[in-house]
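This report describes a pocket and a set of salt bridges in one protein structure. The structure is shown first, and the description follows.

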Amino acid sequence: MKSLFKLSKNCLSLLIVAILAAILSQTDSFLTLEEDWGLASVFQLRGPLKAPEQVVIITIDKASTEVLKLDEDPEKWPRSQYAHLLNKLNQYHPSLIAFNIHFSEQHATKDDNAFALALATHTNVLLTSYIKQFSVRAAPVLNELIYERIIQPTSVLEKAAIASAPFPIPKTLSTVKQFWLQKNSVGGIPTMPTAVFQCYLLKTNYSNLLQLMQKLNPTLYNKLPASFDQLQKPLETFQEIQSVLTQNGTSLKQLDNIIRSPAYTPQQKRLFQSWRSLINSDHSLYLNYYGSANAITTIPLHRVLSAKLLDAKLLKNKIVLVGYAKNIEPEKNQSFYTVFSGNGEGNTSPVEIAATATANLLDGSWIKPLTAYNQFFVLMAWGSLLIGIFRIYPYKIAIILIITLSLIYLTVAYYLFVSDYLWLPLLTFILQTSFICLFQSVWHLRTVHRVSARYLPRNVFIKNTQYPDAMDSYGELMQGVCMATDAGQYATLSESMNPMALNVLMNKYYSAMFPAVKAYNGLISDVIGDAMLALWAKPVADTQLRIDACHAALKVITAIQHFNQSPLHQLPTRLGLHYGEMRLGNVGTGDHYEYRAIGDIVNTATRIEDLNKVLGTHILVSGSVIDGLHDFMSREIGQFLLKGKTQPITIFELLGKNNHNDPKLAPLLHAFTKALQLFQDHEWSKAQKAFINLNKYYPNDGPTLFYVQYLQKYLPRLQTQNNNLQKPVIEINQIMQSWRYLTLDVQ
C-alpha cells in the first residue's frame with residue numbers, strides 16, 4: 001500500500017507537470033519562445049519554397065535611381081514618373097498593381113494630375129495609406145491619450161485609385177512573424193495584403209459572385225454593375241458580399257459548394273477556400289516566408305522602364321507590388337529581420353513582406369497554429385501518454401518508446417507544416433518531454449539507489465557504477481567481525497508450509513533481525529533460507545567494530561524472543577561471531593557478481609554458530625571478539641577444534657551487558673568458571689563432580705550439561721592421556737560423528 005501511494009504520488013507529480021506545460025504554452029512568454037525557436041527552427045529545416053506565381057515585385061532600388069538619373073530619394077520624384085510606370089506596366093496586362101509607397105503629400109499639380117489620370121484610366125491600382133499616432137493631454141494631471149488616424153494619399157490620387165489601405169507591420173523585438181488582416185485601432189479597415197486579395201478575388205471571379213448574389217440577395221445583385229471595372233468602391237462591395245454570405249449557415253454552404261464544384265479551376269477553388277478560411281480567422285496571421293530576401297520574383301524599376309520589353313508572361317494577370325528596395329536610403333532602415341535573414345545579411349524590404357502576405361492569402365498558405373484549446377489538448381494528451389508509458393513499461397523500454405514516439409511526432413509536425421502549413425507546438429513539446437523524462441529518470445535513479453542500498457553499501461554501488469569494467473577486481477582487505485545466524489526448526493517448517501506462506505514468515509523473521517544489525521552499523525552480506533551473514537569491517541583494526549557486533553548480537557536475540565511470542569511459529573535462533581581478516585568485495589565473473597566477504601573468518605563464524613547446537617547456547621563468540629571488551633557479560637566455554645579446522649579456538653558465550661543484574665546468573669558463572677578451570681587443569685574427576693553438582697542446581701544450562709555428558713563419555717580416555725600444561729581441546733568433529741545423542745538444541 002505504501003509503495004502504491006508513492007507510485008500514485010509520482011504519477012500525480014508528472015500529471016501536474018503536464019498540466020503546467022499545457023497552461024504555460026498559452027502565456028505570451030512561451031508563445032514568444034515558441035515563435036523565436038520552434039517556428040524559426042521548422043522554417044530553417046524546411047528551407048526556401050518556390051516563388052509564388054501570381055505575385056511580382058517591382059523595386060525602386062539604388063541601381064534604378066542611377067540608371068534613370070533620378071533623385072536618390074524617391075519621394076522627391078515627379079509623380080509623372082509613376083504615371084509613366086503605370087502605363088508601362090499595363091502594357092503587360094497585370095491583374096492588379098499595388099503601390100507600397102506613400103503619396104500623402106501634394107507635388108506639382110501637373111504631375112499629380114498625370115498620375116491620377118493613369119490611375120483612373122487603368123482601374124487596377126491600389127495605393128498605400130499609413131497609420132499615424134497622435135497624443136493629446138486633456139489636463140496636466142492626466143496621462144496622455146494616444147490615438148491613431150489613417151493618413152490617406154492626396155485627394156486627387158485617392159479618388160483615382162480603386163482603393164487605398166495601410167500596411168502596418170507587427171514587428172517584435174527580433175523578427176517580423178505576422179501581418180494584420182485588418183487594423184482594429186482605426187475602425188477595422190483591411191490592410192494592404194487583405195485589400196489586394198479582396199480586389200483580386202472580386203476581379204477574377206466577379207461574374208461568379210454576381211450569380212451567387214442573384215440567388216442569395218437579389219437586392220444587392222440589382223445594385224451591382226455588370227463588370228468589376230465599373231465598381232466605384234470595390235472594397236466596400238466585397239464587404240457587402242461577405243456580409244451576405246456570413247449572415248447564416250445556408251449562405252456559407254453556397255460558398256462551400258463553389259469550393260467543391262468541378263466547374264471551377266483549381267486556382268479559383270484555392271481563392272474561395274482562402275476566403276472561406278479568412279472569414280473565421282484572427283485579425284493577424286503568421287507569414288509563411290518563401291525564403292530569404294528576393295525569394296519572390298523581383299524586377300528592378302529601370303528594367304520595366306527600359307526600351308527592351310520584358311517577357312510578355314512575366315506580369316500578365318499577375319499582382320504587381322511596387323515599393324522601395326532595402327538599399328534605398330539604408331540609413332532609414334528600410335528592411336526587416338526575418339527567420340531567413342541570417343546575420344543581418346538578408347533582411348527583407350517592406351514591399352517583399354507585403355508581397356509575401358499577399359501570396360499567402362492567395363493560396364491559403366499562411367502558417368496556421370493550433371487553436372489555444374487544441375494546443376492545450378495536444379500537450380495534455382502527450383503529457384498523459386508519457387505518464388502512462390512510464391507507469392506501464394520498464395524504464396529502459398519506456399525511454400526507447402518515448403524517443404520513438406517523439407521522433408514520430410516531430411516527423412508528423414514537419415510534414416503538416418510543409419504540406420498543410422499547420423504549426424504544431426515544438427519548443428513546448430520538447431521542454432515538456434525533456435522535463436518529464438528528466439523527472440522520471442531522477443525518480444528511477446533514486447529508486448535504483450534505494451533498491452541497491454538493500455543489497456549493497458552505497459559506496460560500493462557508486463564505485464561499481466563508476467568503474468563497471470573493474471568489477472572483477474573490486475575489493476578491499478578488511479579487519480572486522482563476521483556474524484553467522486541460523487534458525488532452529490526451519491527445516492521442519494519448510495517441509496510443512498507452502499513456499500508463499502514460508503516467504504511471508506521469513507520476511508517477518510528478518511524484519512525483526514535486520515534493524516538490530518543496521519542499528520549498530522552492520523552490513524547484511526548474505527541471506528540463504530534461515531541463515532544470515534552480517535559484517536562489521538574496516539580497512540584497519542577498530543575495537544568499536546567488535547563492540548557494535550556484540551551489541552547487535554544481543555539486540556538480535558531480544559528481537560527474536562519477541563518474534564517467537566507468536567503462538568503459530570517459533571524460530572529459535574543461534575548466533576556465532578568471529579573476528580579476523582577478510583577480503584570484502586565482488587565475487588563472481590562475467591555477467592554475475594555478488595558482494596561478500598571471503599576468508600577463514602566466514603567459515604569459522606559459521607562453525608561457531610553451529611556449535612550452539614552442541615552446547616545449547618544462543619550466542620557464541622570467539623576469544624578474538626570478546627577480548628578486552630569490559631562492557632559485556634560473558635563466560636568462557638572452553639577450547640574447541642571446530643569441524644574442518646586444524647587450529648583450536650577459545651569459545652565464549654555472550655550473555656548480556658555488564659549492567660544486566662541477574663541474581664541467579666552470578667552464582668552459575670562463578671561455579672561454572674571453577675568447574676571449567678578444573679577441566680582445563682586436567683582434574684577430570686573433580687571437574688566431573690563439579691559439573692554434575694552444578695547441573696543439579698541449573699539443569700537447563702546447556703554448557704554444564706555438555707560437560708557432564710562429555711566427561712561421562714570420555715573420562716576413561718582422558719584419564720589415560722598424559723597431563724600437560726596445555727588446555728584440553730574438545731574436537732567437535734569427533735563428537736558430531738560418534739556422540740549424536742548428546743547434541744542439544746536451543747529452545
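The second largest pocket is lined by 29 residues, and those nearest its centre are Asn100, Ile101, His102, Thr128 and Tyr130. A pocket here is found on a 1 Å grid over the protein atoms alone, as an open set of points where a 1.4 Å probe fits, with protein on both sides within 12 Å along at least five of seven lines; lining residues have an atom within 4 Å of a point. The model is predicted: local features need pLDDT of at least 70, side-chain atom pairs count only at pLDDT 80 or more, and totals for chains, interfaces and linings use all residues. Residues are numbered from 1 along each chain as its sequence is written, and side-chain values use heavy atoms, with hydrogens and water left out.

The volume of the second largest pocket is about 690 Å³, taken as the space filled by probe spheres set on the grid points, which are joined across faces, edges and corners. At least two lining residues come from each of α4 (79-89), β2 (96-102), β3 (125-136) and α15 (350-363); helices (H or I, at least four residues) and strands (E, at least two) are DSSP runs, numbered from the N terminus. Strand β3 contributes the most to this lining, with five residues. The lining comprises 15 nonpolar, nine polar and five charged residues, where Ala, Val, Leu, Ile, Met, Phe, Trp, Tyr, Cys and Pro count as nonpolar, Asp, Glu, Lys and Arg as charged, and the others, Gly among them, as polar.

The whole structure holds 16 salt bridges, each a side-chain nitrogen of Lys or Arg within 4 Å of a carboxyl oxygen of Asp or Glu.

| Salt bridge | N to O distance |
|---|---|
| Lys177 and Asp36 | 2.9 Å |
| Lys645 and Asp600 | 2.2 Å |
| Asp610 and Lys613 | 3.3 Å |

Lys177 is buried, at 4% relative accessibility, whereas Asp36 is partly exposed, at 36%; buried means under 20% relative accessible area, exposed over 50%, and partly exposed in between (1.4 Å probe, protein chains only).

Lys645, in the loop between β20 (632-641) and β21 (649-657), is 45 residues from Asp600 in helix α23 (residues 600-615). Lys645 is buried at 17%, while Asp600 is partly exposed at 46%.

Asp610 and Lys613 both belong to helix α23, three residues apart, or about one turn of the helix. A network of salt bridges also links Asp486, Arg574 and Glu609.
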